[in-house]
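This briefing is intended for a reader who has the sequence and the coordinates at hand. Please consult the display below alongside the text.

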Amino acid sequence: MTADPQAPPPDSFNITTYETFEDIPEQIRGEIPKNKIKPGKLFDVQLKSFEKQIKSGEKRLDLLYMILPYELNDGRILFIVQNFNQDDKNSVFFREIINFSLVTLPIAGGVIILFLIITGLLGKRLADPAQELALWAQNLKSENLHHPIPNFGFIELNSVANELHGSLVRLDEFVIREREFLQHASHELRTPVTVVSGNIVLLAKHDLTTKQIKIVDRINRASKNMKQLIETLLWLGREREPDLIKEEVDYPALLSDVLDDLSYLSQSENIEHQVKMKNTNSVAASPAALYIVVSNLIRNAFQHTPKGRVNVQLENNVLTIENFLDTQSPQLSNEQGEGVGVGVGLNLVQRICTRCSWLCETTPLENGGMRAVLSLTKKN
């Protein structure tokens, strides 16, 4: 509003200004509670029957009214009323708006369509190289690492491809070094163990004192443990074939062979052991993998039982091994009495089971021992 007090109030084809609340037409005024009028607060009034009831001589016949009380600098309050009705569509103002809309709406629609087309083309331009990169990465193997890296059209994608290719090359070189190491270790590690085992046999042929016999026995046990550990590590380092070729394995016979090989552990005076086998004949499995897993589980059970009992049960192709510790024994220590599920042996067992799709579950027992259950079929 202008600061000139003599300036006329706004008045146009659909805007009327009233100097007092009472000047507003009665039907409109009756829809606005006077006690709720506040300067700057907008009111709207819709009159459906006003066309028929309005007094003759009024400016317009209207249906919808927007009322805005406005406070002047001198404290007076003007009431600015803007009205809309069905005949507004015939006014010059509304005709101009309609004409403008008829021109701008098609242009706006064309701009939107053009924007969508350009966005789609840009998206396709970006998506296709990304899909090519993903497909190339999926097919990247040791056999084709020497092939040149394709150009994917964008510096960023080419950078990702170079980093991925470099990482796989370094990984492949590491695997080759590890494979070569295992090939050499297969001979280098076995040779000293074989020498130690042969000398133990020679020592056993001599007349030894009781103390010397105990020392030789300890060396013999350590030698056998080392041999078993070497075989396990070498097996894990080999390729899947031919180690994982399944054969019909006589499970009870294999278990008997393992117990016979580990008899030096079960002969301890401080350990009782019990073996039960029933309802099991042959199973389809890798003989090497099954032998390593069973021997590691049984050896772990005996090694972690300084005094107590070890139970081995094979039933329906499920092997259960339990070690019960004599908690009253002074030989029991924290390091010795942690149960069958502790140590490198079980870690190797879990890796082999994962590779063979077997299931090995361990459960701690109340006396400090542990139960290990080996199943050659995973639960769903």
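The model is predicted. The chain contains 10 helices and 11 strands, and 32% of its 380 residues are buried.

**Chain as a whole**
- Of the contacts between residues at least 6 apart in sequence, 64% join residues at least 24 apart.
- The chain has an accessible surface of about 24600 Å², and carbon and sulfur atoms account for 55% of that area.

- An open sheet is built from five strands in the order 6-8-9-11-10, with mixed pairing.
- From one strand to the next, the twist averages 10°.
- Strand 6 pairs with strand 8 (residues 308-315) in the parallel sense, over eight bridges.
- Within this part of the sheet, Ile-271 stands opposite Gly-308 of strand 8.

**Helix 7**
- Helix 7 spans residues 251-261, and its buried residues are Tyr-251, Pro-252, Leu-254, Leu-255, Val-258 and Leu-259.
- Viewed down the axis of helix 7, these buried residues fall within an arc of 160°, so they line one face of the helix.

**Ser-295 in helix 9**
- Ser-295 belongs to helix 9, which covers residues 287-303.
- The relative accessible area of Ser-295 is 1%, and the residue is buried because this value lies under the 20% cut-off.
- A polar atom of the Ser-295 side chain lies 3.0 Å from the backbone oxygen of Ile-292.
- Leaving aside residues up to four places away in sequence, Ser-295 touches Gln-228, Val-258 and Leu-262; of these, Val-258 is one of the buried residues of helix 7.

**Loop residues with positive phi**
- Asn-317 is not a glycine, yet its phi is positive, at about 65°.
- Asn-317 is located in the loop between strand 8 and strand 9 (318-325), and its relative accessibility of 30% makes it partly exposed.
- Ser-357, likewise a residue other than glycine, has a positive phi near 60°.
- Ser-357 is located in the loop between helix 10 (344-356) and strand 10, and with a relative accessibility of 43% Ser-357 counts as partly exposed.

Note on methods:
Residues numbered from 1 in each chain as written. Predicted model: local features only at pLDDT ≥ 70, side-chain atom pairs only at ≥ 80, totals over all residues. Heavy atoms only, no water. Pairing = 2+ DSSP bridges. Helix = DSSP H or I, 4+ residues; strand = E, 2+ residues; numbered from the N terminus. Axes fitted to C-alpha atoms, helices over the stretch in contact; angles between N-to-C directions. Buried < 20%, exposed > 50% of the residue type's maximum accessible area, 1.4 Å probe, protein only. Contact = heavy atoms within 4.5 Å. Areas by Shrake-Rupley, 256 points an atom, 1.4 Å probe, with all protein chains shown as cover. Polar contact = N/O pair within 3.5 Å; in protein donor to acceptor, adjacent residues only side chain to side chain. Arc of directions from axis to C-beta.
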